[in-house]
Amino acid sequence: MIKRLLLVKHSILNSRILPRLACVCCAVLVSACATDTGWLDNEETVLETAGPAKLKQVVAMQDRLDRVGGKLLINNAPLCRKQLRNLLGFSVANKYTYSPSLAALASETYGLDDRLQVMNVIPDSGAERAGLQRGDILLRIDNKPVPQGIHAERDTVEMLSSLVSKKKSLNLTVLRNKVPRKMTVSLTPACGFRIELGQTGNVNAYSDGNRILVTQGMMLFAKSDEDLAYILSKEMAHNVLGHAKTLQNTHAATSLIDNLMLTPPRQAASTGLKPMPKKFDIDADTLSLAMSLRGGYGIDNATRFWKRLAYRFPATNAMNYTALHPATSARLEAMPNAITRIKAIDKRRKALATPK
């Protein structure tokens with residue numbers, strides 16, 4: 001059934017997946033739904049600004065990104081053939097990962113120093129099967145010392161890039177409870193997209209073909225893991241379909257992601273991005289629904305989620321998600337049929353995979 005899902009992707013790329021839909025003004029859509037507000041949650045989201053509450057919130061957001069993003073990256077490997085990479089299956093941090101205002105608190109709370117410490121282990125990854133645990137301190141990878149200090153994360157990524165493409169497993173030495181331990185971690189094929197947390201309260205998400213960034217504001221809005229899966233899958237789909245490159249948005253998106261990863265960003269998050277055309281957004285919606293389902297997340301609530309996002313954060317604010325994805329009405333109209341089709345494909349895939 002992987003072939004069937006690849007046909008969905010192939011159909012998107014060849015403009016055959018969905019019929020053209022008349023574009024209805026978003027304001028009309030919201031007005032028509034005014035008497036049916038069961039989809040609208042009464043919610044307040046608060047972004048913490050300092051101290052233990054801020055650190056707790058940031059760590060919780062990163063945990064969610066690692067957990068949900070990891071499942072999506074691994075389970076959608078067959079749909080990311082051009083972007084397929086080997087994944088070790090864990091995330092790390094040191095005291096420099098956090099803003100200067102939180103660094104001392106992070107060191108005190110999590111025992112972070114110059115060395116890289118495992119913060120999350122992705123379910124179903126080689127790291128999980130090897131027994132890697134949160135709190136393990138990385139000492140060596142394939143007998144090479146793991147970088148330390150302010151650029152440790154970046155330097156370790158560069159070191160790994162030449163290793164993971166050539167091998168099926170890597171030998172790790174970690175420090176656990178002050179005792180060195182050696183283990184062999186099998187590499188896991190996955191979609192090769194880095195997923196980052198953006199340091200802003202704007203409710204948005206961005207992709208540049210190689211990376212995905214979800215803002216802290218969007219993390220608060222996406223209340224459940226299922227909601228977050230919709231956002232991540234959508235940006236993954238844009239990357240797989242090459243939309244940033246086609247729109248010549250790659251440079252602007254890359255610069256924006258670089259800026260929003262800083263704490264705080266160096267300048268106001270003026271995007272410079274071209275809005276996503278209606279067809280691109282509908283195509284990405286369809287592929288993203290398949291990706292969410294393959295990641296283990298339900299998709300029946302997807303229409304409700306996107307409707308709620310458009311209502312709460314309209315396109316009148318240029319920094320909101322809806323401003324960069326303005327074809328709300330056409331997307332919402334197309335989504336129910338796409339959900340039905342994707343669920344049918346997935347049901348057949350699972351039936352064929354079940355041993356007789």
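**Exercise 1.** Determine which residues leucine 309 is in contact with, leaving aside its neighbours within four places in sequence, and decide whether leucine 309 is buried or exposed.

*Solution.* The model is a predicted one.
Step 1. Locate the residue: leucine 309 belongs to helix H12.
Step 2. List the contacts. With neighbours within four places in sequence left aside, leucine 309 touches Val203, Met218, Phe221, Tyr321 and Thr322.
Step 3. Take one of these partners and compare sequence with space. Tyrosine 321 is 12 residues from leucine 309 in sequence, and their C-alpha atoms are 8.2 Å apart.
Step 4. Apply the cut-off for burial, which is under 20% relative accessible area. Leucine 309 has 1% relative accessibility and therefore counts as buried.

**Exercise 2.** Describe the aromatic pair formed by phenylalanine 221 and phenylalanine 305, and state which parts of the chain the pair ties together.

*Solution.* Step 1. Recall how such a pair is characterised: the distance of the ring centres and the angle of the planes describe it.
Step 1. Read off both values. The structure holds 5 aromatic pairs. In the pair of phenylalanine 221 and phenylalanine 305, the centres are 5.6 Å apart and the planes form an angle of 50°.
Step 2. Classify the pair. Planes under 30 degrees apart count as stacked and those over 60 as edge-to-face, the rest being tilted; the pair of phenylalanine 221 and phenylalanine 305 is accordingly tilted.
Step 3. Phenylalanine 221 lies in helix H7 (residues 216-221) and phenylalanine 305 in helix H12 (residues 302-312), so the pair ties together parts that are 84 residues apart in sequence. Both phenylalanine 221 and phenylalanine 305 are buried.
Step 4. Widen the view: one aromatic cluster is formed by Phe221, Tyr230, Phe305, Trp306, Phe313 and Tyr321.

**Exercise 3.** Work out the strand order of the open sheet of 3 strands and identify which strands stand at the edges.

*Solution.* Step 1. The order is E9-E11-E10, with mixed pairing.
Step 1. Strand E9 (194-198) and strand E10 (205-207) each have a single partner strand, so they stand at the edges and one side of each lacks a neighbour in the sheet.
Step 2. On average, neighbouring strands of this sheet are turned by 20° against each other, direction ignored.
Step 3. E9 and E11 pair in the parallel sense over 5 bridges, whereas E10 and strand E11 (residues 211-215) pair in the antiparallel sense over 3 bridges.
Step 4. Follow isoleucine 212 in E11. Isoleucine 195 stands opposite isoleucine 212, and serine 207 also stands opposite isoleucine 212.
Step 5. In E9, 4 of the 5 residues are buried. Helix H8 (residues 225-240) lies across E9, E10 and E11 and runs at about 150° to E11.

**Exercise 4.** Classify the crossing of helix H3 and helix H4 and sort the residues of their contact.

*Solution.* Step 1. The axes of helix H3 (residues 51-75) and helix H4 (residues 100-110) come within 10 Å and cross at roughly 75°.
Step 1. Angles of 65 to 115 degrees count as roughly perpendicular; H3 and H4 are therefore roughly perpendicular to each other.
Step 2. H3 contributes Gly51, Pro52, Lys54, Leu55 and Val59 to the contact, and H4 contributes Leu102, Leu105, Ala106, Thr109 and Tyr110.
Step 3. These residues divide into 7 nonpolar, 2 polar and 1 charged.

**Exercise 5.** Describe the hairpin of E6 and E7.

*Solution.* Step 1. Strand E6 (residues 169-176) and strand E7 (residues 179-186) pair in the antiparallel sense over 8 bridges.
Step 1. One of the bridges joins valine 174 to arginine 181 in E7.
Step 2. The hairpin has 2 residues between the strands, and asparagine 177 takes a positive phi near 55°.

Note on methods. Residues are numbered from 1 along each chain as its sequence is written. This is a predicted model: local features need pLDDT of at least 70, side-chain atom pairs count only at pLDDT 80 or more; totals for chains, interfaces and linings use all residues. Side-chain values use heavy atoms; hydrogens and water are left out. Two strands pair if DSSP finds at least two bridges between them. Axes are lines fitted to C-alpha atoms, for helices over the stretch in contact, and angles run from 0 to 180 degrees between N-to-C directions. Angles under 35 degrees count as roughly parallel, over 145 as roughly antiparallel, 65 to 115 as roughly perpendicular and the rest as oblique. Contact means heavy atoms within 4.5 Å. Ala, Val, Leu, Ile, Met, Phe, Trp, Tyr, Cys and Pro count as nonpolar, Asp, Glu, Lys and Arg as charged, and the others, Gly among them, as polar. Rings of Phe, Tyr and Trp (its six-membered ring) pair if their centres lie within 6.5 Å; planes under 30 degrees apart count as stacked, over 60 as edge-to-face and the rest as tilted. Buried means under 20% relative accessible area, exposed over 50%, partly exposed in between (1.4 Å probe, protein chains only).
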